[in-house]
Amino acid sequence: MSLPSKSRKVSSRTSHEEREGLLHSSDRYDPFEKETTIESDDEESWSRSKIVKTATSLILLLIFGTFARALLRSPRRPHPDLSFNGDYIRSNGTHEFKRTVLIVSIDGLRADYLDRGLTPHLLEISKRGLRAKSMVPIFPTLTFPNHWALMTGLHAESHGIIANNFWDPQSELEFHYNQISSAWIPDFWLGEPMWETASKAGIITANLMWPGPPKTKSGSSPTYFIPWKDKVPLSVKLDQILAWIDLPFDERPQLLMAYEPSLDQAGHLTGPMSALVNQTLAQVDLFAAALHDSLADRNLTDIVDIVFVSDHGMTDTSHPTLIYVDDDDMLGTRGLETVVHEDGWPAMGLRFNSKQNETYYLEKLLTSKHPHADGFDVYTKETMPDRWHFSHHDRIAPVWIVPKIGYALTTRKEGDVGMSKGNHGYDNHEPSMHAMFVAHGPFSAVVKDLHRSSFAAWLPWKNRGWHSTSDDTYVMDSFPNVEIYGLVAKLLGTEEHASANNGTKGFWDKYF
Ligand SMILES: [Zn+2]
């Protein structure tokens, strides 16, 4: 799977900005300067063919030397972390450990929150490890679809969680993310979460409130499972994670998943630019620091990979332009009455009471003379942008109204009541919807080693996926969050058990 063209545009633009800001080096290869030097110094005594011959020999020598060095080096000094997975055991000095992966989701941590100067510890961790400019969520950019995409490596049309609320025509049941009686029905959750893959490989897993079900369709559960509960202090979550890490060898989980919602809640309540968000961001940063320090105290930084992710970003919706779907230039009140199921938010998936009404009102929406008609798009499953991978599932309603950033859909009756000051769910190419990726552990050590080696100079992707900043942080280009499933499988050495997914085959190979 590759990023669609518009994504590349976004990436390259932010890439340019980041290079301006983060890369301090001004040493750039200037072909003209070099050529001028050779010619002006030696034009009398050096014939053209001699120059070509000498240059060719030098280049060949350089190529041969570099490859020979890289080839000679690698068998003699393989990176110790490359073989550290599967049944390989490493000691922290007092206890034996298998390779361990801890993935922590900080709900609603927008990628550029890390540039606010409020997350010194997360940045410090990324300096020792790596970060991505951003991680691109799946569409819709909502919590449940994205947490399940992170778990399964699948887009919404494949993993079935197409919104936080939707109606399933097959079972004729409604999915409500905040009702256990509905959200824990295994049949809603398609695909194979990483804890199921791990358990197929005999790995013990632990799930601390990660949004999703306790049991999949096939009957697989995490070994340890703590269900969602609101307002659980971060210190309690930290203690739980450490309690699992401190378990005896035979009971200790190797894959741990943890979830924290406070930053998303703050973002909704007071908006992404608010003092509350900044304050919560600082708390989350302290949690990251405490987690990192606790692992360092146990001498586990060469044993445990910590992967910090988020599910989506957040945009300010304190003063949205309201679009009333029951206005005459939209569906009208009669049109709205023919809608039998309304899915999603802030986008709206519509199912009508008859095919005739569907056709009629679709046409009405498509030809709307609404004064803010440029503030929303109307799609069918057939016209939905391919890059959203949001068409091929019968849970996806036949007609969707998708607002653009700055706009909100509502009705005359509802108005702006209950509308939050921050929201997400918009186009996943909007930078404000982008999530974060920061990782540290044996994984990032391999990456750094690779990029320091002379061999790296000959890699065809050099400087396309990576650049090193002045402070030695490795910043990956933005990448889709469906790649995370493959990363964890690779770290745990469970790739042979991995389920088919929308990640790119071999995406992480070049980093190991
Ligand atoms: Zn969320």
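The model is predicted: local features need pLDDT of at least 70, side-chain atom pairs count only at pLDDT 80 or more, and totals for chains, interfaces and linings use all residues. Residues are numbered from 1 along each chain as its sequence is written.

**Whole chain.** Colour by secondary structure to see 15 helices and 23 strands; these are DSSP runs numbered from the N terminus, helices being H or I with at least four residues and strands E with at least two. Of the 512 residues, 41% are buried, meaning that 20 or more other C-beta atoms, placed from the backbone, lie within 10 Å of the residue's own.

**Helix H5.** Select residues 143–152. Ten of the ten residues in H5 are buried, among them Phe144, His147 and Trp148. Now show what covers them: the list includes strand S3 (100–106), helix H6 (156–159), helix H8 (194–200), strand S11 (304–309) and helix H15 (484–492). Just after H5, stop at Gly153, which has a positive phi of about 75°.

**The S14-S15-S17-S16 sheet.** Move to the open sheet of four strands, paired antiparallel in that order; strands pair if DSSP finds at least two bridges between them. Strand S14 (339–343) and strand S16 (376–380) are the edges, each pairing on one side only. Which strand does S16 join through five bridges? The partner is S17 (residues 399–403), and the two run antiparallel. Select Val378 to find Ile401 of S17 opposite.

How values were computed
A residue is buried if 20 or more other C-beta atoms lie within 10 Å of its own, exposed if 12 or fewer, and partly exposed in between; C-beta atoms are placed from the backbone. Two residues are in contact if their C-beta atoms, placed from the backbone, lie within 7 Å.
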